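Colleague: Could you talk me through this one, starting with the ligands? I have the sequence and the coordinates open.

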Amino acid sequence: MFNKLCIIGVGLIGGSVARAARENNLCTTISAYGREQELDNLQQALALKVVDSYSLDLGEAVADADCVIIATPVGAMPDIFKQLEPYWSDNVLYMDAGSTKGSVVTALSELFSGMPANFVPAHPIAGAEKSGVDASLVDLFEGKRVIFTPCVQTGDNFIQQATRFWQGLGSTVSYMQIEQHDAVLAATSHLPHIMAFALVDLLGRKDEQGDIFKYAAGGFKDFTRIASSDPTMWVDICMANKQHIIPLIEQFCSELDDVKQMLQGSQAQALHNTFTYARNARQRFLDQHNNMTQSIIFTVQPGGHLQGEVRVPGDKSISHRSIMLGSLAEGVTHVTGFLEGDDALATLRAFQAMGVQIEGPVDGKVTIHGVGLDGLQAPKEPIYLGNSGTSMRLLCGLLAGQKFDAVLTGDKSLSGRPMRRVIDPLSKMGAIIESTENGTAPLTIRGQSGALQGIHYDMPIASAQVKSCLLLAGLYAQGETSVTEPAPTRDHTERMLSGFAHPVKQKGNQVTISRLGPLKATDIEVPSDISSAAFFLVGASIAANSDLTLKHVGINPTRTGVINILQLMGANIELLNQCTVGGEPVADIRVRSATLKGIVIPEEFVALAIDEFPVLFVAAACAEGTTILTGAKELRVKESDRIQVMADGLQILGVDAQPTEDGMVIQGGKIGGGTVVSHGDHRIAMSFAMAALRASETIIIDDCANVNTSFPGFVTLTAQLGLNIGSKEA
Ligand SMILES: O=C(O)C1=C[C@@H](OP(=O)(O)O)[C@@H](O)[C@H](O)C1
Ligand SMILES: C=C(OP(=O)(O)O)C(=O)O
């Protein structure tokens, strides 16, 4: 807590910082500084009790302050810094709140001949088109991001103080390099503002008769909202960041020119492709944005049944691998049925960041221009893989054989998941991988000057991710790399390598790879994901009067444990229209309501149904008698501890579910209602949604944004089939 906070420039941002700091007890008193011409605004700030005092004398305003925030337009900052210099104190934390960072840091560095250690450059990504203290809000920063761009000279203790302060205001703190910040913001904020101002300028001048604005509707209003922003502030921002903005304006003009030519040439298809790509890209942005800033809550009313025909999204495991092998192949790979969920998209972006040209996804279609086994380029920044364990573990193997360094990062859940399972065997092959002390991400994978050495590895756990990681590293190793598994795990990597004309040798539980030559591009049709279908297999089994057909689902025998287990429990499941597509068996699956009974789940099915246990626990809760799962310790290190989190949730719903070290004991019975927490785990969220089909009360599920990682459109689809589900932002 600060004793005295001084705000220089009490406008929308400065005023909101003051309000939120007071509300959250982050300081005892607040002073403000402004210029003579801002007197009215300062008086207003005092009258509104946003600040406790103000002064037109900077020395007086900052006297005894232990935190000073400069929240003026960026163009005014160099002057403010000069005026501040005589009062500068090494113990005080100084921060700005400007939208450009290069100009701020340059001005300070010139003045002080180097950046002062106690200045933390900060940019809250929050704002509105309104200005002045009147517009300030106590919750403006709640759930918003603030970006720090610390310099090498910035002191850790000051960064920590600044972090605590902004977190106290409700923000999430991110760190960026100055250049990166200014380039990104030029694209996402500065260019859109210029476009809005320019469009209104153009139409306003044309609109002398008032016709255009008179008939302008929602689209115009949405697009031009930001043209109501403060011109002084925006002139400052544009001037300060023009080196990044000008090239973007040029690119935008050329994009408009392309559109003009499509119109001139009546190229409706080309225009359609452009618009479709943009619409999908925007949706991905919104999904990502929701994940970052909002928590989604599902509310599911009790009862209902599932009926109809449905095709669930593409297989996540196969989608990841299609991008990886397509990128390493020679030639162009066309993928259809690609999963447009965040996990698979994280893999797609990772390869784009390594120089692979990838088009799409548009309606599940992706085109990958393979660069060959040795054609990847060093990524310019750490590769962020979100929530996706498969991306991180498989990429580790693939990157271990490259000539460049790469850093892999992930969200909070992924940063807590064990990575030694891949680091240890890769190190035996000669890879150099740095992790945290706990063996977790961020991971730095060092470039290799020579090839890795092939090894034989007896996997201590049944993991397709570890196996696939080593097979991918094996593509870069001298000699043979072989892996034995304690139980069969999904074999999509092996099958797909054959499709890319690079077969592996399979003997019993051992698979062996050596570099045979280039991978050859091929076309891949991704079937629907049986792990997503699993929610409906359980949902339609437990809900009376259900009859559902799931179309074109992958039924690779290394994935069908869920069907085996449900059939043992008495489920009514039929496989229809079986065929093989691109080396993967596929079928339509018909499922009808059935009376389930509790069973002891055979351990041989555990690896074959590893992702389906959350929803199988729901099936067990609806079955007659006791269901016992053992040998499934791996569930504790997925996106959440799926044993504990499911047991907690089921208990809240009144089910007798007892977690054990490696499984669970569930007595079937009645399901009540209540609020359960998914802990950001997509499969937990979707499993509890299905439980509502048999619940007596409403089930509310917190923290569901990550459903987008594997099953975009889950709410809409399940609602169409008969589940009474709604979703809202928290
Ligand atoms: O290889 C894959 O695509 C996957 C393997 C499994 O993980 P483990 O290898 O950790 O069991 C599974 O849980 C994950 O969802 C996807
Ligand atoms: C465990 C899962 O995925 P990953 O390991 O890729 O995060 C899952 O999808 O259930």
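Modeller: Let me begin with ligand 2, where the shell divides into no nonpolar, 5 polar and 6 charged residues, with Ala, Val, Leu, Ile, Met, Phe, Trp, Tyr, Cys and Pro counted as nonpolar, Asp, Glu, Lys and Arg as charged, and the others, Gly among them, as polar. Please keep in mind that this is a predicted model, in which local features need pLDDT of at least 70 and side-chain atom pairs count only at pLDDT 80 or more, while totals for chains, interfaces and linings use all residues. Residues are numbered from 1 along each chain as its sequence is written, and chains are lettered from A and ligands numbered from 1 in the order in which they are written.

Colleague: OK, and which residues are around ligand 2?

Modeller: The shell holds Lys316, Asp343, Asn387, Ser388, Gly389, Thr390, Asp611, Lys638, Glu639, Arg683 and Ser710, where a residue counts as near if its C-beta atom, placed from the backbone, lies within 6 Å of the molecule. At least three of the residues around ligand 2 come from each of domain 3 (296-311 + 527-729) and domain 4 (320-524), with bounds taken from an automatic or database domain assignment.

Colleague: And ligand 1, what is around that?

Modeller: Around ligand 1 are Ser317, Thr390, Ser463, Ala464, Gln465, Ser468, Arg490, Ile610, Asp611 and Glu634, which split into 2 nonpolar, 5 polar and 3 charged. Domain 3 (296-311 + 527-729) and domain 4 (320-524) each give at least three residues to the ligand 1 shell. Helix H17 (residues 464-474) supplies the largest share, 3 residues; helices (H or I, at least four residues) and strands (E, at least two) are DSSP runs, numbered from the N terminus.

Colleague: Is Asp611 buried or exposed, and which residues does it touch?

Modeller: Asp611 counts as buried because it has 24 C-beta neighbours inside 10 Å, the rule being that 20 or more other C-beta atoms within 10 Å make a residue buried, 12 or fewer make it exposed, and anything in between is partly exposed, with C-beta atoms placed from the backbone. Leaving aside residues up to four places away in sequence, Asp611 touches Ser531 and Arg683, contact meaning that the C-beta atoms, placed from the backbone, lie within 7 Å. Asp611 itself sits in the loop between strand S29 (584-592) and helix H21 (613-622).

Colleague: Switching to helix packing, how do H14 and H15 cross?

Modeller: The axes of helix H14 (residues 342-353) and helix H15 (residues 389-400) come within 8 Å and cross at roughly 35 degrees, where axes are lines fitted to C-alpha atoms, for helices over the stretch in contact, and angles run from 0 to 180 degrees between N-to-C directions. From H14, Asp343, Ala346, Thr347 and Ala350 meet Thr390, Ser391 and Leu395 of H15, and by class this contact has 3 nonpolar, 3 polar and 1 charged residues. In general, an α-helix has 3.6 residues a turn, so residues three or four places apart point the same way.

Colleague: What about the phi of Lys49 and of Asn545?

Modeller: Lys49, in the loop between helix H2 (39-47) and strand S3 (53-55), has a positive phi near 60 degrees, and it is exposed, with 11 other C-beta atoms within 10 Å. Asn545 also has a positive phi, of about 60 degrees, and with 12 C-beta neighbours inside 10 Å it counts as exposed.

Colleague: Last one, what is the overall picture for helices and strands?

Modeller: The protein comes to 24 helices and 35 strands, and buried residues make up 47% of its 730 residues.

How values were computed: Contact = placed C-beta atoms within 7 Å.
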